[in-house]
Amino acid sequence: MEKGNEYKNRLIQWREGHNVSEKHLIVVLSLLVGIATAISGWLLKTMIHGCQYFVENILIHGQYTWWYLITPTIGIALAAMFVKFVVKDDISHGITKILFAISQRKSIIKAHNMWSSVVSSAVTIGFGGSVGAEAPIVLTGAAIGSNLAKAFRLNQRTMMLMIACGAAGAIGGIFKAPIAGLVFTLEVLMIDMTMANIAPLLISSVTATALSYIFSGATPLFELEHYEAFSVNRLPLYIVLGAVCGLVSLYFTRGMNFLEQNFAKKGGPWWRKILLGGLSLSLMIFIFPPLYGEGYETIVDLLNLNPDADPMAENNLLANSPFEWLGHTEWGATHLTWVLILYFTLIILVKIAASVATNGAGGVGGIFAPSLFIGCLTGFVCARLMNICQLNVPESNFALVGMAGLMSGVMHAPLTGIFLIAELTGGYHLFMPLMTVSIVSYLVIRVFEPHSLYAMRLAQKGELITHNKDRSVLTLLKMDNVLETDLSTLFPEMTLGELCKVIAESHRNIFPVIDHEGRLQGVLLLDEVRNIMFQPRLYNRFRVSELMTAPPAILSYDMPMEKVMETFEDTGAWNLPVVDQDKRYLGFVSKSKIFNSYRRVLVHFSEE
């Protein structure tokens, strides 16, 4: 701890000694964040491939065996024990944690997140966990940015920017998608952006992407070999696909949230969850082998499926599953198209359960890969059904844009879906269908679900930073910032004469009435007693309990500020009392105090 403070002091002294301005420091830090996130992404991929090599070539010796049903449980158990006994902190739901850090923790992310998510997710995914590596690396990049800014003791606004730089670098680096890295932070993480903030994001994203090219070459993650140019005649069919993607996104979002909540309620020792999740995942993988790992091999197969060049290509999609036997029967061979549609439709429905079983049991991973996987399958299934109806659509095109549709719907980020898939596949020539499917999917899910899966938990608690600047600033305000405690309190048994003495010493015109345990009983307004307070003959006739009134509403100390303002608007009040969970009086909040605090925060976060 002392060494850490010593290093921080040296950094501060270096900055002061070289007279480095904040703007120049931000440029340097954004470059460092880009380099660090690229290295972290390369390290994560290397560790995943190392674990996969160990499983496939040493443990299993390169053949499909029953080991494939066991290794995911081994990976989950190793990751769970690492988190429980080494990290000793919850590192799941990485992007939700970033949003929470921005809105509630002054953009502070714990230092261990710079490495803990890399190790745990590498083991989880490398051994076959049905999740993705992208959310853990985004949390890693955000933690790097947060802790670098913290080391230089930068303010909250700059720390928030550094978190965004880390996220942009992580997306840009792991996907080789610099534009997607930028728009991801704009759509998913940031509350308000200015031109001065976009430059650091671009520096981090481009730097991380350039280093990724150096580490692993310029080949896209999903290289598209077969595609057809966009035809305007197919635009209505892409709109249909977008609507389907929006509905599947709704199923993905609500289904995963429901399953996660129910899995979290499972009691018992930690190892019981490992067994429950591991056995459930093993059963699903036995029936549907594409659920093993990230599922990127299946995506590549569907994007480049060409039955004309390889007559067995469609049969190979059923390999090692019980459906393979069905495909070899006389009926299955005749109706192979319907077998494939049934097979992939069931996988779409089961994939969220496989991801929840992985994370719920103790594994660490994100939903980027599952959303890409389900999107690709959704696009393929829709295209195959359209071709059955003699509509003659290119299945590889639909599989590609289906990924953009699911990502846009699940993350509520259509621009991210468009640019990420274009950069992932090199499919820039399909911008029109990408845009069509993404925006339709986004519009459809918005009808049913106002928040993304990432933001859902925070939104339910009123702790979510949003792109609505008014709501965002209110979210940053806390009750402590606006609570007024200088009001004189009264007791119900006090006489009018005693009340007048309190009024004479007070500079406020509202008085909370409490019992001797501090619980709020009511309020007394000066206007209500003004007509009798100058009549001494009444001083012993009236008591406070007779003169007090009930407030228009009572605020809870933990109530979100947006809800506080709604209460003020609904009641028309200018002052409202605040109590704790035990109904004990804490103070008052005035609408004018909130407005003043709001203006200060708005000015602070709008500065360039």
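Analyst: The secondary structure of the protein comes to 28 helices and five strands, where helices (H or I, at least four residues) and strands (E, at least two) are DSSP runs numbered from the N terminus. This is a predicted model, in which local features need pLDDT of at least 70 and side-chain atom pairs count only at pLDDT 80 or more, while totals for chains, interfaces and linings use all residues. Residues are numbered from 1 along each chain as its sequence is written, and side-chain values use heavy atoms, with hydrogens and water left out.

Of the 608 residues in the protein, 55% are buried, buried being under 20% relative accessible area, exposed over 50% and partly exposed in between, with a 1.4 Å probe and protein chains only. Among the contacts with a separation of 6 or more, 75% link residues 24 or more positions apart, a contact being heavy atoms within 4.5 Å.

The sheet itself is open and is formed by three strands in the order S3-S4-S5, with mixed pairing; two strands pair if DSSP finds at least two bridges between them. Strand S3 (555-556) and strand S5 (585-590) stand at the edges with a single partner strand each, so one side of each has no neighbour in the sheet. Helix H27 (residues 561-571) packs on the sheet and touches S3, S4 and S5, and its direction makes about 135 degrees with that of S4; axes are lines fitted to C-alpha atoms, for helices over the stretch in contact, and angles run from 0 to 180 degrees between N-to-C directions.

Taking the pairings in turn, S3 and strand S4 (residues 575-579) run parallel and are joined by two bridges, and Leu555 has Val578 in S4 as its bridge partner. On the other pairing, S4 and S5 run antiparallel and are joined by five bridges, with Val578 standing opposite Gly587 in S5.

Although S5 is an edge strand, five of its six residues are buried, so S5 is largely enclosed by the rest of the structure.
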